[in-house]
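Please examine the sequence and the model before reading on.

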Amino acid sequence: MILTVNHVTTYDYDAPMGAAVQSLRLFPSRFDGQRTIDWSVSVEGGVKGGAFRDGAGDRVEGWSIRPPVEAVTVTVTGQVETFDTSGVLRGHRELVHPMAYLRETVATWIDDALQELGESAVEGASDMLDRAHRLSSAVAEAIAYKPGVTHTHTTAAEALTQGEGVCQDHAHALIAAARAVDMPARYVSGYLFATEDGAPHEAAHAWAEIWVEGIGWIGFDPANACCPDERYIRLGSGLDAREAAPIRGITQGAGEERLDVTVALEQLQQ
Amino acid sequence: MTEYFNEMFDGGRVRQPYSGLDGWMREMPAELRAMKQAEAEALFRRIGITFAVYGEGGDPDRLIPFDMFPRVFTQSEWRKLERGIKQRARALNAFLLDVYGRGEIVRAGRIPARLVYQNEAYERAVSGFIPPRGIYSHIVGIDLVRTGPDEFYVLEDNCRTPSGVSYMLENREIMMRMFPQLFRENRIEPVDGYPDALRRTLASVAPAKCDREPTIAILTPGHFNSAYYEHSFLADLMGVELVEGADLFVEGGFCWMRTTEGPKKVDVIYRRIDDAFIDPLCFRPDSMLGVPGLMDVYRSGGVTICSAPGAGVADDKAIYTFVPEMVRFYLGEEPLLENVPTWQCAKPDDLKYVLDHLPELVVKEVHGSGGYGMLVGPKATKEQIETFRIKIQDNPVNYIAQPTLALSTTPTFVEEGVAPRHVDLRPYCLVGEKVELVPGGLTRVALTEGSLVVNSSQGGGVKDTWVLAE
């Protein structure tokens, strides 16, 4: 599948601000499931800074904008050919030891309920892969998709208590449940091409990857009860949503910030 | 009754290194001593060196007691120590480069993966990065204790930003001012080459992109920090800028310093702030002390940060046990300096031993420092031991235990005259193009009679440390 992406993020300020600095993880991962045909990232009025590929295989680019800053607009356009690898992150070069993904964060804190969810999900599982699938199903069952009831700082534990949430909450809960049973897990940010089935999910998407010994990292998307396939574009990963955020930024000043995001994914007909 | 090694007196005989001090000590009238002590205190106050050593907290304006009786090493004693310290500093750096790379030592099964990769000080953000010359820890402070003429043990390694070196320099300065004749009568190796050596070390790890004389800056959390004096002192002596986070910004892949003549590119940052505060975009988002975007510049080779973020994974108390293994694994050598035997309460067998022998052991928190959260078995009351037993049982992973070491003593001026007091030693090893060690270090002394705790927050003082020339 060839997907075209148009992704514009705008931060508007009600008063002129000081300098803005951003760290972007907005580049398609390199692995067997996707091939970048064309890709460009730009920050309006910004100066491009250092760029590198980190130990987890993500390309990172720094940007800065001199003051006064009234708005920051990050524009991503590109074309990626995708392939179904049944969720397996095959051919991805990275160096970080999987065990580094057992660490808890505020967003993925394991409370009793998540511990219980993890343990009961894997009971009777035949092998590690089966455990991972069961964990994903358990989270999908425990948290119903419902936009607007959670926010960016909602933790996995809070989302589970609430029983409702969006893809970020599903991913956090799955990560916490997997770590609870000692399986390394991480947060992945990317895009999802919503097909004609009318699935309500946003094109800017997030899911989780679980480390399965003998296979490697495998993606699981509890929000859609599946593993990522050719409808998915993978950008970057981290311990939680904050770490994997495609855009991390700081703008100096006390002005009120208004965020506007539009993401359009289209399939290129051949 | 434990026998303690007295570094000056062997029975009634004066050991050779101290022969130059015996007469000085005996001939000093009490009035002169009191006068000199007051003079030293006034000097310390005037220069403003009042901070707590090693970030121990406490009253930042309190003067740390200075004991005028120097601690002395012979050239041959020092050479041996020096070899051991340099070896250890090299091994620690090899370990850091390895665990942020392929992790060969873990693959080889010589250190448990969990201990490294689940360690709080392990920074995923620097994994895969090779800093200039492959060095992560440019200033390694190694805390040593002595138990006999030839017996030294490493208590802990400090790979992040060990403080206290300003005491090494100031103690010497003040001793030379007060007792110039001592420095004429004894041939003492100078320590005042340290600032130059530090500057050379920092300059030698400038990024490859830097094509001129590197600009170096010391990044301090600010004047409210207990070690601010040391930050400004070192900046002065090295002739480099002292900056706070707000003085720096990133643009175009480089780090810049605001100056009256416009922005100036900074190549090497000797940071005296913790990892968590370096860059709010990468670490703690609420940090006001760091520089937003600095980590991206660092990782793309625009600036060098000393010590490297993530260096702390090598000086964790649980990793400490494996340092001798690092020496063998990376250098193919036998360790010249010994570790103190350590029981890990995380291991069931060790835990049982520790709980059975609490009155004999020193128990420490894995991440603790400054002598807090510590039990010194032989000096503790029954109640203190029982309270600690419960703490250990509640969270064994958090504790390690070591035998109570018979720390050596050196003569120290006390109320009644001169008496032996227990000491430790922190030398500062520099790792850059060369591995260097200034002949000296910081000697801390437990001023309370019988006390084995040298921490300044708990009644410790400092001494000038001499290495005799041949």
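How many residues does the contact take from chain B and from chain A? It takes 24 residues from chain B and 22 residues from chain A, where two residues are in contact if their C-beta atoms, placed from the backbone, lie within 7 Å. On the side of chain B that touches chain A, the elements giving two or more residues are helix H5 (113-117), strand E8 (248-251) and helix H10 (294-299) of chain B. That side has nine nonpolar, ten polar and five charged residues. Here Ala, Val, Leu, Ile, Met, Phe, Trp, Tyr, Cys and Pro count as nonpolar, Asp, Glu, Lys and Arg as charged, and the others, Gly among them, as polar.

The model is predicted: local features need pLDDT of at least 70 and side-chain atom pairs count only at pLDDT 80 or more, whereas totals for chains, interfaces and linings use all residues. Residues are numbered from 1 along each chain as its sequence is written, while chains are lettered from A and ligands numbered from 1 in the order in which they are written. Helices (H or I, at least four residues) and strands (E, at least two) are DSSP runs, numbered from the N terminus.

| Part of chain A | Mean pLDDT |
|---|---|
| Chain A | 94 |
| Strand E14 (residues 257-267), lowest | 92 |
| Strand E11 (residues 216-220), highest | 98 |

In chain B, strand E3 (residues 66-73) is mostly covered, with eight of its eight residues buried (20 or more other C-beta atoms within 10 Å of a residue's own). B:Phe66, B:Met68, B:Pro70 and B:Val72 point one way from E3(B), and B:Asp67, B:Phe69, B:Arg71 and B:Phe73 point the other way. Five bridges join E3(B) to strand E23 (residues 460-467) of chain B, and the two run parallel; strands pair if DSSP finds at least two bridges between them. B:Val72 stands opposite B:Trp466 in E23(B).

An open sheet of four strands in chain B has the order E7-E6-E11-E12, with parallel pairing. Strand E7 (241-243) and strand E12 (304-306) of chain B each have a single partner strand, so one side of each is left without a neighbour in the sheet. Within this sheet, E6(B) and E11(B) pair over four bridges, and B:Leu219 stands opposite B:Arg271 in E11(B).

Conventions. pLDDT is the predictor's confidence in each residue, from 0 to 100. A residue is buried if 20 or more other C-beta atoms lie within 10 Å of its own, exposed if 12 or fewer, and partly exposed in between; C-beta atoms are placed from the backbone.
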